[in-house]
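Subject: Structure handover

Hello,

Here is the structure I said I would pass on. My notes on it follow below.

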Amino acid sequence: MKAFTYERATSPAAAAAAVAARPGAKFIAGGTNLLDLMKLEIEAPVHLVDVNTLSLDKIEPTDSGGLRIGALVRNTDLAADPRVRRDYGVLTRAIVAGASGQLRNKATTAGNLLQRTRCPYFYDTNQPCNKRKPGSGCAAIGGYSRQLGIIGTSDACIATYPGDMAVAMRVLDATVETVQPSGATRRIPITDFHRLWGDTPHIDTNLQPGELITAVTLPKPVGGTHIYHKVRDRASYAYALVSVAAIVQRDGSGHVAIGGIAPKPWRVEAAEAALPQGAKAVTPRLLAGARPTKDNSFKVPLVERTLAAVLAQAKDAA
Amino acid sequence: MKFDTPAGQNPIDQLKVVGKPTDRIDGKFKTTGTAPYAYERHDVAPDAAYGYVVGAGIAKGRIAGMDLAAAKAAPGVLTIVTADTAGTLGKGDMNTAKLLGGPAVDHYHQAIALVVAETFEQARAAAALIRVDYARGQGRFDLDEALKTAPLKGDSSGEGSSAPPVDRVGKFEQAFAAAPVQLDAVYETPDQSHAMMEPHASIARWQGDELTLWTSNQMINWGKGDVAKTLGIPKEKVRLISPYIGGGFGGKLFVRADAVLAALGARQAGRPVKVTLQRPLMINNTTHRPATRQRIRLGAGKDGKLVAIAHESGSGDLPGGGPETAVSQTKLLYAGANRLTSMRLAVLDLPEGNAMRAPGEAPGLMALEVAMDEMAEKLGMDPVQFRIINDTQVDPEKPNRKFSQRQLVECLRLGADKFGWAQRSATPRAKRDGAWLVGMGVASGFRNNITMKSGARVGIDRKGQVTVATDMTDIGTGSYTIIAQTAAEMMGVPLDKVTVLLGDSSFPTAAGSGGQWGANSSTAGVYAACMKLREAVAQKLGFNSNDVSFADGKVRSGNRSVPLAQAAGTSGLSAEDSIEFGDLAKKEQQSTFAGHFVEVGVHAYTGEIRIRRMLAVCAAGRILNPKSARSQVIGAMTMGVGAALMEELAVDKRFGFFVNHDLASYEVPVHADIPHQEVIFLDEVDPMSSPMKAKGVGELGLCGVGAAIANAVYNASGVRVREYPVTLDKVIAGSAMIA
């Protein structure tokens, strides 16, 4: 870990300005990912702006009948909120499928969106990695890639976005609210929040330098059966090989987003029209253009099977 | 004390303390954080500096240049150890690769430097400033490729299992060719990591030319010798202290880089230095269980009796290393007149392969016991019954040599009864519970019983407190407790009147913890010392030592009775002895047996595999402490779940290293994976094993579990996976989705 300076933010806009003013500065909230990466010098911020003191830890109703989740709401609190459990069950289920109780107590809503990939080559600083060191190459391509991406990847990077919460937020059509260093605010639809790697896999999201997440808003509840099915080798405390977040209505229509396969929660709205016809009809459209590796080609049938399991479960629940 | 005739009646048979389920003496310290582990011994070295290990970034080649300037100039840095500064180092008898590399690099993450600084954070930051230029060499990293030209090689695992390069009985090829029912299959087990909770860690302090190491090591005397050999100093100048160990599983049988580098760092810094191996370094820096490729051929008559058994295993290791002795149990487990076992060893430039809990049997049974399941199906026979009819009461290679105790059939029968085996459908995919396909599997468990010379010193003070001192270790197994139980039984005092001191090389040399020999051997050593002490007490009191009893804190002979405290007198009494084992183990085969039963669910859509319940029935001699023995077995069963379903060190065959080198990516079971476990111990005493009549049990619990799980997955899903771990991708590749 490299030495760094530290300050506590006084307001969201001041925090954004403070990070924008110092190249190499970063925000810190729960620190559950950043500190690990700093110990390995995969992240080496010169300055940390601690946003924990900002009052961004409320869950409030919005005028349009949805919820505004403060950026600092801890995962545990978000998952346990009675409104979330009642109206956005897929979100609660996704959150509790991730990490451990201790980590969820610390991890924040905004920080979870910014969780970096878990590609093992990203973590090993002896290995080339375009995400860690732009231009150095990608050791994962041609290497051990069982856990890695099958779609939306590039010749520069085949890593995945590893989280669960964002997959549920994607199926819920959440919006990320931010404040910029200028003090201006903006609303980023979750679909535009994470980027595909392309030639710049070191940039995970479309946030501008210094731009601070202040909240995530959820639209008015849409009802339906909410399911999050996370597939992994062990029963807990593992990243998804494939996960499916789904909201399925009684008539079989619905929305699905897939985790564990791409640089972002993967959703193809056009494919959802086929949901009433079942997983076999949806999956080819959902995964059109997939480029799996030898190690992870099983994820293609696994997406279809997991989706089929979810649709069967929804049918039983309806 | 020489143990060369079967044990007769002795004070242990009273079973007033021994044999009772007893809480672990160290349990309360460990659960309250008051058992200091090696890295936490601030009390002994408050001025210790911190070392941070730099691991090689290549698997094979040379260090062309190393720029230390920036690191040396970094805040807090005291010194940097490299091959250049360390002087000539030897290599320990138990080490295959050198613990400090450079300029030659033998494997990935081999230590090449230790940065010593005032704080851990300073050492870590400075280590990142070291620039190393490597000249990459050509390495061999592909086991399957390397096995094509690998020679036959016999060896011992160092933990008990052994086998010659080739072993033949009868005429295997002819018998197999003529057998009406045949199986010929290849099974693969991957490289596995011990992944114990406590990383290797040491604090080193020099006083003149004498070195003290507070460390985490299973085998104190081996360690003492290898530290001395590596550093080129006399063995008497080295003291190892290792009273608490946060898991080892064979990964701490040997001295590793933490101990050697701490010693070198402390010498260079002129003050104590503490070093722990960083978690991401451990997997490639230390040892692992080697991957195997095992071909098994079974031939049987229509009656299900095996007539031909062949088990051929291949594995790889660094030059000078040894094979994984995966065929050893096949020599002893089942009857059959025509037999062939063999091992091949390929040279690989991956990190060092070595012993991990039940080396040999653990991966060997993962293959053999699936083969038995497959063969039973070919025969149309119940897999429990198939094993029972192929039981043998004698060493199949030497039919005039019997087993000292062998209750495999009883384990299987009782297990089948208790587990509800009769409910199992012989046809796969026949049982469903919601979205889950449910299946049951069985496997035999087998692990040899090894005995090792073991010493102890036992004293009584004027208050009647009994103190046992031995360099035996407790790696979380319960050694403290069973040793205290043994001394309490022998000296006729309650458990709280016994103090046990372990893990210090200044104490008498014990068996140490490995190869499931620790419990039986070390308590037998304590028994020997106690017998000597009892004689000393009797002699002092003028009692006839043939007519003396120790009970309730008193020594009695005839109508005379003297409190033990009084007998000890103001200066106390003490005796030291060792148990030395004669050739009883040659006369009769000593082994431990189990029946493992597992029920799994396999998700009908996704192929996800979850354990539903597990049962182990064990026959392993006298169980000294049913509570800690049960803990050992359920821990081992859990490890078997890992081996069966998730543990695999992924080899990058281009760069030659294990890619998933942390606990996020090398998955071991978590609580949610283990819903229900049951353990039954059969009543058994084995007078051939020791005066304790006990045998090992800590590894038996692992042996066979993986196969029982794989067999249950087959029974549930109809998919036979022969490449471990049995993961959902392999299940869905072999099965159509059923809705």
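The contact takes in 35 residues of chain A and 37 residues of chain B, where contact means heavy atoms within 4.5 Å. This is a predicted model, in which local features need pLDDT of at least 70 and side-chain atom pairs count only at pLDDT 80 or more, while totals for chains, interfaces and linings use all residues. Residues are numbered from 1 along each chain as its sequence is written, chains are lettered from A and ligands numbered from 1 in the order in which they are written, and side-chain values use heavy atoms, with hydrogens and water left out.

Interface

About 3000 Å² is buried between chain A and chain B, 56% of it on carbon and sulfur atoms; buried area is the accessible area (1.4 Å probe) that two parts lose on being put together, summed over both. On the chain A side, A:D233, A:R234 and A:R305 lose the most area to chain B, together 25% of what that side buries.

Two salt bridges are counted between chain A and chain B (a side-chain nitrogen of Lys or Arg within 4 Å of a carboxyl oxygen of Asp or Glu). A:R234 and B:E667 meet through their side chains in a salt bridge, at 3.9 Å from N to O. In chain A, α8 (120-123), β9 (225-231) and α11 (299-317) each supply at least two residues of the side that touches chain B; helices (H or I, at least four residues) and strands (E, at least two) are DSSP runs, numbered from the N terminus. α11(A) gives the most to that side, with eight residues.

Sheet in chain B

Five strands of chain B form an open sheet with mixed pairing, in the order β1-β29-β23-β24-β25; two strands pair if DSSP finds at least two bridges between them. β1 (2-3) and β25 (498-501) of chain B are at the edges with a single partner strand each, so one side of each has no neighbour in the sheet. β23 (residues 454-460) and β24 (residues 466-469) of chain B pair in the antiparallel sense over four bridges, and B:G459 stands opposite B:T467 in β24(B).

Salt bridges overall

Over all chains, the structure holds 61 salt bridges. In one of them the side chains of A:R187 and A:E177 meet at 2.8 Å, N to O. That pair links distant parts of the chain, with A:R187 in strand β7 (residues 185-189) and A:E177 in strand β6 (residues 175-179) of chain A, 10 residues apart.

Regards
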